[in-house]
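This report concerns the salt bridges of one protein model. Please examine the sequence and the structure shown below before reading on.

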Amino acid sequence: MNEMGVTTNSAFLCLFTSASAFGSPIVQMAQQTVNTAIDSLSAALKSNIIPNQEYFLQGSILDSSVEVLLHRLRGLCDNVDTTLETFHDHEMCFSIRGPNNAQPALQLRVRRSLDHNGMPMQLRYIGQPEIGDKSRPTVLRNSIDIGTSNTVVEFLTELGCRKDFEYLAKGYMFRKGRMKITVFKVFKIDETRKMSGGAFESLTALTHSYLVELSVLAPSGQDAIADDMRCFAEQLRPLVQLEKIDYKRLVHGP
């Protein structure tokens with residue numbers, strides 16, 4: 001197993017080891033299932049059959065130009081025979097640290113669809129982005145998505161996870177082969193205006209632009225995907241420039 005596969009497995013082991021330290025009935029009942037899941041995950045990672053790496057590029061476009069970009073994407077992508085595919089999701093971001101804070105905080109995200117209440121919620125682990133390899137045209141990070149029941153937030157709280165922030169994402173989704181392209185706006189959540197059933201009365205956009213993300217989930221060792229993504233991104237210029245974003249530089253400065 002390569003280094004990133006070990007990192008992914010270690011992250012989940014950290015999460016569920018922390019869970020065993022809690023004595024709640026929910027965690028105790030789930031422990032046997034968790035152990036089986038860890039064994040299955042380890043076997044899948046060793047066989048290199050699980051899509052545990054995400055290649056991605058990001059950019060943004062002003063509200064005034066987004067219609068031109070959508071028209072360009074309809075001409076380039078596969079799923080545009082009828083109407084545009086839209087999404088409206090609520091995402092919550094959690095973190096948890098291992099015993100004695102010996103390891104960096106584990107980042108977990110929970111996303112639910114506000115347009116399709118009957119769909120499973122999605123639990124996602126996201127690792128630290130790898131920026132350093134200048135020969136790779138995309139950012140690379142560990143990523144695993146799991147469909148869950150609607151009690152996943154309560155479960156994470158029982159494990160000791162802390163909710164760091166949450167937001168709403170509303171926009172459009174396109175596909176080109178294995179590539180997924182999303183064009184969406186981020187909205188601030190006002191808990192005082194939250195309606196019954198988890199809906200939100202009004203939305204306040206954080207910016208006057210749309211975020212644009214190009215991503216592919218794949219098993220480890222498929223770096224040729226990054227070249228395909230670079231070629232696709234070049235077809236969107238000069239409307240939007242999709243590039244590798246180093247979040248550490250955004251936080252700490254150059």
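Which side chain meets that of Glu91 in a salt bridge?

## Basis of the model

The model is predicted: local features need pLDDT of at least 70 and side-chain atom pairs count only at pLDDT 80 or more, while totals for chains, interfaces and linings use all residues. Residues are numbered from 1 along each chain as its sequence is written, and side-chain values use heavy atoms, with hydrogens and water left out.

## Glu91 and Arg109

The partner of Glu91 is Arg109, at 3.2 Å from N to O. A salt bridge here is a side-chain nitrogen of Lys or Arg within 4 Å of a carboxyl oxygen of Asp or Glu. By this rule, the count is eleven salt bridges.

Glu91 is buried, at 6% relative accessible area, whereas Arg109 is partly exposed, at 29%. Buried means under 20% relative accessible area, exposed over 50%, and partly exposed in between (1.4 Å probe, protein chains only).

## Arg141 and Glu54

A salt bridge also joins Arg141 to Glu54, with 2.8 Å between the closest N and O atoms. Arg141 belongs to strand S5 (residues 139-148) and Glu54 to strand S1 (residues 53-62), so the pair ties together parts 87 residues apart in sequence. Strands are DSSP runs (E, at least two residues), numbered from the N terminus. Both Arg141 and Glu54 are buried.

## Asp164 and Arg162

Asp164 and Arg162 form a salt bridge whose closest N and O atoms are 3.0 Å apart. Asp164 is partly exposed, at 32% relative accessibility; Arg162 is exposed, at 56%.

Definitions and conventions
Helices (H or I, at least four residues) and strands (E, at least two) are DSSP runs, numbered from the N terminus.
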